[in-house]
Amino acid sequence: MKRSAFAVFAAFAATLFLGSQPAWSQASTCTTSVDDGSFEDGFPVPFGFKNATMVQRLVPPFYPALLTRVCVCWAIAGSGGGHLPFNLVAYADGVIPGASLGSVAADSGTVLAGPLGGPGTFANIACSQLNAVVQSGGIYVGANWDESDNDNFFVCGDTSSTTPVATMFSSTNSGNSWHTTDSDWPQAHALGIRAQFAQASGCIANSTTLCIDQNPGDGRFQVQVHYETSEGGGLSGSGNAIPLSSLGVTEGGLFWFFGATNPELLIKIIDACSLGGHFWVFFAATTNVGFTVTVTDISTGHQAVYHNKDRTAALPVQDTSALTCP
Ligand SMILES: [Ca+2]
């Protein structure tokens with residue numbers, strides 16, 4: 001059964017507004033938000049679920065961005081106060097939340113019941129350990145909790161008509177399916193869920209970025225490839241990285257362009273600092289399409305960039321002065 005948080009809150013808020021003001025003492029320490037800074041309501045996942053999840057899409061102010069903290073505003077209906085254990089959760093971007101990026105056990109801290117309408121009581125939870133990096137677009141973050149632990153707890157809601165309607169979802173099955181919060185609660189414009197990001201550093205491996213080690217695990221060298229050809233009616237895009245570290249090959253890797261089963265380029269980086277003060281970049285591409293290889297030494301910021309002209313058989317490259325040491 002679905003009960004309306006709005007109705008519950010309207011009733012107790014009307015009562016408690018006449019009483020003393022509660023202490024909304026836990027301020028948010030997150031700077032990325034989509035609410036207007038003041039909450040008028042609270043929203044549950046449709047009630048009674050032991051596995052309740054509510055998330056909101058947030059967009060970092062820069063890229064690549066490491067998610068360092070999530071701030072969740074909790075409101076409590078009824079009287080007195082309480083706390084609620086929950087899990088901070090993060091999901092990859094998409095039209096709906098994508099793959100789980102992990103969770104962190106957390107607690108609301110003490111939340112006092114009281115009138116809605118204020119900056120909210122936030123739990124500010126560090127989560128750098130998730131290593132959730134946003135390369136583009138946004139990320140879904142929020143809370144997962146057991147409503148039977150304390151069914152008076154709601155996620156703070158912003159119902160101001162001037163607040164743009166955020167992208168918000170709830171789930172009752174750990175994200176196997178989602179439904180939109182503003183369909184459950186039409187007055188919902190945004191949730192009291194915020195995030196903090198830090199500029200991500202180091203090589204961040206993804207589908208188009210290969211990280212190659214100098215020393216085991218350091219991911220010192222970032223390799224990206226762009227291809228562009230007039231063949232096939234004109235094709236261009238990012239080369240797709242095929243890391244080989246799972247095979248124990250940490251000083252080189254492959255890229256494919258047109259089919260995942262068909263590699264186009266083998267690249268490796270050799271530490272020859274003791275032989276003349278350079279890292280060597282060697283690669284061989286079995287193609288005649290135009291491409292650009294960009295190797296970045298994350299440690300120094302130095303780059304080595306190589307071009308192959310379109311419709312030209314690529315020659316092997318053995319650059320022994322590619323990047324200066326150390
Ligand atoms: Ca508001």
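Here is a short chat about reading the fold of this predicted model.

Me: Let's start with the overall layout. Into which domains is the protein divided?

Reply: Two of them: domain 1 covers 5-199 and domain 2 covers 210-324. Their C-alpha centres sit 43 Å apart.

Me: And how many helices and strands are there in the protein?

Reply: You'll find two helices and 25 strands. As for overall form, the radius of gyration is 25 Å, well over the 20 Å the globule rule gives for 326 residues, so the protein is more spread out than a compact globule. If you follow the C-alpha trace along its principal axes, the spans come to about 80 × 45 × 35 Å.

Me: What share of the residues count as buried?

Reply: Of the 326 residues, 40% do.

Me: Now the sheets. How do strands of a sheet pair?

Reply: The general idea is that they pair through backbone hydrogen bonds, either parallel or antiparallel. In this structure, take the open sheet of six strands, ordered β6-β5-β10-β2-β12-β13, where the pairing is antiparallel.

Me: Which strands are the edge strands there?

Reply: Look for a strand that pairs on one side only; here that describes β6 (100-107) and β13 (179-180).

Me: Let's zoom in on β5. How many bridges join β5 to β6?

Reply: Seven, with β5 (residues 85-91) and β6 running antiparallel. Then go to N87, whose bridge partner in β6 is A105.

Me: What about β5 and β10: over how many bridges do they pair?

Reply: Five, again in the antiparallel sense, with β10 made up of residues 139-145. A handy spot to check is V89, which stands opposite G142 in β10.

Conventions. Residues numbered from 1 in each chain as written. Predicted model: local features only at pLDDT ≥ 70, side-chain atom pairs only at ≥ 80, totals over all residues. Pairing = 2+ DSSP bridges. Helix = DSSP H or I, 4+ residues; strand = E, 2+ residues; numbered from the N terminus. Domains from an automatic or database assignment. Rg over C-alpha atoms; globule rule 2.2 N^0.38 Å. Buried ≥ 20, exposed ≤ 12 C-beta atoms within 10 Å, placed from the backbone.
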